[in-house]
Amino acid sequence: MANLLWLQGGACSGNTMSFLNAEEPSACDLVTDFGINVLWHPSLGLELGENLQKMLLALTSGQMPLDIFVFEGTVVNAPNGTGEWNRFAGRPMRDWVTDLCKVANFVVAVGDCATWGGIPATAPNPTESEGLQFLKRDHGGYLGKDFKSKAGLPVINIPGCPAHPDWITQIVVAVATGRGGELSLDEFQRPKTFFTSFTQTGCTRNMHFAYKVSATEFGQRKGCLFYDLGCRGPMTHSPCNRILWNRQSSKTRAGMPCMGCTEPEFPFFDLAPGTVFKTQTVMGVPKDMPTGVDKTGYIKLTAAAKAASPRWAEEDIFVV
Amino acid sequence: MTTTESNQEVLEEIRSLLQGGLETEAFPRADTHDAVMAVISRLRVAGDDLKAKLVIGGFTPHPVEHGGIEQPCETCMYYLVHRRFCELPELSVPVEPEWSCRLWRI
């Protein structure tokens with residue numbers, strides 16, 4: 001049995017909702033098939049008040065082993081670095097985080113808030129929020145850049161707003177079944193198995209990206225969402241179009257631009273008016289290019305691809 | 001009248017206006033997001049007034065080079081190659097590939 005504890009800091013509970021919707025494996029499968037003992041979870045835990053406090057103290061003292069510590073939400077430091085704005089079981093949540101991270105074999109940050117601060121840490125960041133080991137792109141965060149859990153790994157980051165249900169449960173299973181050491185993490189400590197390809201990989205609108213045909217209004221079945229509607233699919237690392245949401249679809253397949261929520265800068269441009277759902281340009285050229293493409297190459301490719309585009313690419317077709 | 005015939009009629013009207021020397025606001029180009037939104041706001045007010053659209057959009061019957069980049073309709077993201085049409089909702093007019101406007105984007 002692997003003991004798992006899930007706590008929540010500055011969060012909207014979106015990742016909890018996501019976790020409870022997992023299918024492969026499901027939250028129940030974690031218990032019945034993979035021998036994971038969910039000690040406590042904000043939506044599932046039975047203990048309240050002193051009983052919960054006793055359990056947490058048993059964990060921090062080493063009396064009870066903690067194999068996996070999952071944290072959702074930001075570490076709230078306000079006001080003035082005390083963390084008093086987010087109290088839990090008799091003390092600031094951040095103090096529990098400090099003590100639990102010292103005893104956990106593996107620490108898993110779920111969702112953007114826990115990984116790099118997400119929306120709460122957006123300027124002016126009134127809650128003085130930060131992620132467990134990052135604040136946006138800056139390595140460090142609450143635990144510091146040198147932190148390693150008892151198993152010798154840094155915080156395993158599963159970003160997203162929310163993270164996909166199955167990314168969460170599959171990583172938890174990997175860790176619980178003793179394959180945590182095999183996890184390969186990228187520079188932002190995201191498991192490479194999920195975060196090496198782009199959101200664009202598998203997008204049903206790729207043919208419109210190739211022929212440079214743009215969607216110019218929401219609801220259009222034709223057209224790529226990158227050129228005008230602010231889609232960040234070509235420069236966001238996620239498997240959203242490989243591991244589909246609800247096993248059915250994805251944002252881009254449904255006509256909703258990718259907002260880049262698995263990247264540390266999310267929400268981009270600090271949510272300044274006019275920056276959401278609108279591709280930002282400088283002299284008519286996108287400010288953020290598809291990863292690995294330079295401006296000159298982009299302009300040449302676009303001119304050639306547009307000239308070669310077939311008639312059907314300009315017509316509404318089903319892309320779901 | 002079919003859509004194609006109607007587009008052709010509008011195209012001829014635009015060509016006639018541009019070649020007749022209609023003064024349009026081709027400069028300054030809408031280089032920043034704010035500048036783009038300012039032009040688009042004015043276009044929304046102009047509604048279906050074709051002449052106003054051409055003036056505010058800064059249409060020219062030839063490509064404009066700006067910042068070392070040639071900006072013809074044919075490479076713009078709003079241009080539909082086969083329909084020869086500008087699909088920017090606030091413009092939504094037939095255009096020729098060699099024309100240009102200050103809302104060009106690639």
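**Chain B and a recorded site in chain A**

Modeller: This is a predicted model. With 106 residues, chain B would have a radius of gyration near 13 Å as a compact globule, and its value of 13 Å agrees with that.

Biologist: What box do the C-alpha atoms of chain B fill?
Modeller: Along the principal axes, the box is roughly 40 × 30 × 25 Å.

Biologist: How many helices and strands are there in chain B?
Modeller: Chain B has 3 helices and 5 strands. From the N terminus, their order is α-α-α-β-β-β-β-β.

Biologist: And how much of chain B counts as buried?
Modeller: The buried share is 37% of the 106 residues. As for contacts between residues at least 6 apart in sequence, 67% join residues at least 24 apart.

Biologist: Changing topic, which residues does UniProt list for "binding site"?
Modeller: The unreviewed UniProt entry lists A:Cys203, A:Cys224 and A:Cys231. They are spread over 29 residues of sequence, yet they cluster in space, with a largest C-alpha distance of 11.7 Å.

Biologist: Where is A:Cys203 found, and is it buried or exposed?
Modeller: A:Cys203 lies in the loop between α7 (192-195) and α8 (206-210) of chain A. A:Cys203 is buried because 26 other C-beta atoms lie within 10 Å, and the cut-off is 20 or more. Beyond its neighbours within four places in sequence, A:Cys203 is in contact with A:Gly233, A:Asn241, A:Thr252 and A:Arg253.

Biologist: Why does A:Cys224 count as buried?
Modeller: A:Cys224 counts as buried because it has 28 C-beta neighbours inside 10 Å. Its place is in the loop between α8 and β12 (281-282) of chain A.

Definitions and conventions. Residues are numbered from 1 along each chain as its sequence is written. Chains are lettered from A and ligands numbered from 1 in the order in which they are written. This is a predicted model: local features need pLDDT of at least 70, side-chain atom pairs count only at pLDDT 80 or more; totals for chains, interfaces and linings use all residues. Helices (H or I, at least four residues) and strands (E, at least two) are DSSP runs, numbered from the N terminus. The radius of gyration is taken over C-alpha atoms; the globule rule is 2.2 Å times the number of residues to the power 0.38. A residue is buried if 20 or more other C-beta atoms lie within 10 Å of its own, exposed if 12 or fewer, and partly exposed in between; C-beta atoms are placed from the backbone. Two residues are in contact if their C-beta atoms, placed from the backbone, lie within 7 Å. UniProt positions are given in the numbering used here, feature names are shortened, and annotations may be inferred rather than shown by experiment.
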